Amino acid sequence: MAAASLAIVAGAQSGLGILVPAAKLRYPGWLHGPLAGLELDLTPGGLAWLLLAMCACYLLALACADSIPIRAGLAAVAGLHLLFVLAPPLLSSDVFGYIDLGRLGAVHGIDPYSAAHTVLPKDDVYLYRRWRSDLPSPYGPLFVGAMYPLGALGVPAALWSLKAIFGAASLGIAGLVWRCARRLGRDPLPAVLFLGLNPILLLWGVGGAHNDFLFVLALMGAVALSLEGRERLSGAALAAGAAIKASSGVPLLFLLAGARERKQALTGALVTGALAGVFALIVFGTDVVRMLTSLRDQQSAVALFSVPNQVGEWLGFGGLTAGIRTLAVVLLAGSLVWLLRRTWRGELPWFEGAAWATAVLLVTSAWLLPWYLVWLLPLAALSADRRLRLAALAIGAFVVYTRADLWLGLPPPG
């Protein structure tokens, strides 16, 4: 697995366009990063086979998890994380969108939630990001505010700071999974390997430097606190996660439904939510509500490789139709109601209900990106239900299949 990962990172250094989309216009030395001397000519088809090799090694490691020494397993997780942290931003340029938010506020004095940044000042970050510039930020105020000091550092320093922060957050999630598994009386190493060796988490998540790790870190902190009976702090952690990225809203519903002390969890969530709201109003004013517009627009968009869109393709409809979208929404709503009801009655631990709801959300959403699997992996790793881990693996297999199929059909570069 390390050899396949190293070959992918070396291929990114050689300039394979699909691996480092931020380098489409310019590939300076600071973007190559610390591994700049490591180069390997790699075709899109070669990338697909290396990804499949990573997946085969991952499945073999899971099958042999009971035989892997703890030190070897943890060293593999930490070493692969370090490798992908040191790689250029892989398979996404989103990290430059995060830097853009910080530079708009810290350098140019423009509120990232305001429509005012449709007229953009000149900035080096625009050579590397691929986001639309005429939309308010879809991220929560805690995350956007945290980008201000990083944006002031300059683009190269901000990039590598974020890569280090998100890589550390991923390892922090693995540490919390270890802690929670021990609290539940389970062997923690297989759970950590299930999460920390996942090729999608490593290649797209850590390699691409996505902020999803921050809200998932808050989520797993909430799980750990809840298992220790600290429900108020658990609710506070999830509310903080929602102020980073709205995706924390689904697990928060399940915590409030299934916490042993629901009033304490609600109190923690309300107090933290109020503090985050005050912070947002002080820093961004009422423009912060424009975030809801971006979230609505994102949910109405269609990702080429989402499950509903692919189902439409396979059925011969050419992609997502109104009927398939309606069916997906009904399935999601019905599943949420059923799972919340079971959680409220104590038939499911709240984090397991949240895991099933997240799995349904990933399958039914028309906007599915590979790193969204990070939302599900740590929860599935802790579950006593083997079917939940199989569901996470099945969603991951769908992601890998669609991308590998695409890359195998692409011509060699040049």
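Author: Leu 51, Met 54, Cys 55 and Tyr 58 in α3 meet Pro 199, Leu 202, Leu 203 and Trp 204 in α9, where contact means heavy atoms within 4.5 Å. Sorted by class, this contact has eight nonpolar residues, no polar and no charged ones. (Ala, Val, Leu, Ile, Met, Phe, Trp, Tyr, Cys and Pro count as nonpolar, Asp, Glu, Lys and Arg as charged, and the others, Gly among them, as polar.)

Before we go on, a quick word on where this comes from. It's a predicted model, in which local features need pLDDT of at least 70, side-chain atom pairs count only at pLDDT 80 or more, and totals for chains, interfaces and linings use all residues. Residues are numbered from 1 along each chain as its sequence is written, and side-chain values use heavy atoms, with hydrogens and water left out.

Helices here are DSSP runs (H or I, at least four residues), numbered from the N terminus. α3 covers residues 44–63 and α9 residues 199–208, and their axes come within 9 Å and cross at roughly 135°. Those axes are lines fitted to C-alpha atoms over the stretch in contact, with angles from 0 to 180 degrees between N-to-C directions. So α3 and α9 are oblique to each other. As for the wording, under 35 degrees is roughly parallel, over 145 roughly antiparallel, 65 to 115 roughly perpendicular, and the rest oblique.

α3 has another partner, too: α1 (residues 2–13), whose axis comes within 8 Å of that of α3, crossing at roughly 150°. That's why α1 and α3 count as roughly antiparallel. From α1, Ala 4, Ser 5, Ala 7 and Ile 8 take part, and from α3, Leu 47, Leu 50, Leu 51, Ala 53 and Met 54. By class that's eight nonpolar, one polar and no charged residues. Leu 51 and Met 54 turn up in the α9 contact and in the α1 contact as well.

Now for another pair, α4 (residues 70–86) and α8 (residues 188–196): their axes come within 10 Å and cross at roughly 20°. These two are therefore roughly parallel. Ile 70, Gly 73, Leu 74, Val 77 and His 81 in α4 meet Leu 189, Val 192, Leu 193 and Gly 196 in α8.
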